[in-house]
Amino acid sequence: MAIQFGVWREPRYVARQQISTKSGATMSDHAKKQSPATVSAQALGWVDEATKSVTPPLYPSTTFERNTDLSYHDGRCYTRADNPTYDQACAVLNELEGGSETRLFASGMAAAVSVLHALNPGDHVVAPKVMYWALRSFMLDSGVRAGLSFDFVDNADIADWDKHIVAGKTKLVWLETPANPDWQITDIAAVAKLAKAAGAFVVVDNTVATPLLTRPIDFGADIVMHSATKYLNGHSDVLAGSLTTAKDSEFWQRVCKQHASGGAVLGVFETWLLLRGMRTLSIRVERASANAMAIAKHFENHPEIEQVQYPGLESHVGHDIAKKQMSGGFGGMLSLRVKGGEKRAVDFHNQCKLFKRATSLGGVESLIEHRSSVEGPTSPVPADLLRLSVGIEDCGDLVNDLETALRLSK
């Protein structure tokens, strides 16, 4: 897992301004002046030159013909890294995050694990105590067996980050903000400053905020990770992940080597679907954020609710930092701690009709999940907590569904 990789540059990935030459597509010269909403909706304004199609083509070919001089046309050799279907989706996400290069992966976990694979035995990683449970479990299992060491710190406590980020020891600092499932907020800029002083790379899981609400690179992150299954796709029908780097580096090239050689690449049809999903990203995030804020405010002082956890509320401990690094909303994720303990929480979630009892998040439909039972007995999540992924339905209908479920669960 932690084999030392040398610098390896593949022919497939080139600068953003050159990438349009790959598939005979053109990108509008005005793209740099466009807002994120326009960038995503127009997919950077590309039109297929061969057919003038405004919907991008899909290239199922796994291999590409070699020229007689032994070179490859546009540097394309094999589909793992060279498929032209990747180009537009990568370019759009790269533009939204403000990065220099983006890679697509078979899942969010594949993207995250590829970063860990680029480390060496003995490397030290600092990560938050509250984070996506599957990745934390992977770190403590496969990561430890590969010779990596980990410290987990309080998401919002800068002094705790400072204590554990050690110059000459720490190689990677992993952030997740807002953090799943209590939506704690970490000050990206403050932690990035500590990490840079120690010579460590900073990776931020930006799945929940999306690049429309937070651009971690603007706050000092080196790499931004997404479970693109969630908001980027937004329709609960694609498994995907992504990494976007602020700039090229030896470490990034090791990640790229792992990506192509390890085979954790996204299928071309899934890539096509992902780009289709990103074209509605702006309106979906805006609507989900507005719905989540309305639901959070409605239940903040509800007699049947112990606590509402949502960074958009002034009562949230991380609200001030969230205001500083989130623009245009606070996301579509919130959690409710229900009075009456675990049984009441489970009964409540069983009574929901519009909110579907399912895992995952970021789709157009609203989901509700009893998170501690998913994570198991070692989970730090309170048993009375329900995680809500708020969709784009009518907000009044969603509030009514929750109110009815609360009443029926008494």
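1. Let's start inside the fold: phenylalanine 152 counts as buried, at 14% relative accessibility (buried is under 20% relative accessible area, exposed over 50%, partly exposed in between, with a 1.4 Å probe and protein chains only). Phenylalanine 150 is buried too, with a relative accessible area of 14%.

2. Before going on, note that this is a predicted model, where local features need pLDDT of at least 70, side-chain atom pairs count only at pLDDT 80 or more, and totals for chains, interfaces and linings use all residues. Residues are numbered from 1 along each chain as its sequence is written, and side-chain values use heavy atoms, leaving out hydrogens and water.

3. How many aromatic pairs are there? The count comes to 3, taking rings of Phe, Tyr and Trp (its six-membered ring) with centres within 6.5 Å; planes under 30 degrees apart are stacked, over 60 edge-to-face and the rest tilted. One of them joins phenylalanine 150 and phenylalanine 152: the ring centres are 6.2 Å apart and the planes at 15°, so this pair is stacked.

4. Phenylalanine 152 has another neighbour: arginine 136 lies over its face, 4.4 Å from the ring centre (the rule wants NZ of Lys or CZ of Arg within 6 Å of the centre and within 35 degrees of the ring normal).

5. Phenylalanine 201 and phenylalanine 251 are also stacked, because their ring centres are 4.8 Å apart and their planes at 25°. Phenylalanine 251 is buried at 7% relative accessibility, while phenylalanine 201 is partly exposed at 26%.

6. A word on confidence: the protein averages a pLDDT of 92 (the predictor's per-residue confidence, from 0 to 100). Residues 1-28 stay under 50, though.

Terms used. Contact = heavy atoms within 4.5 Å.
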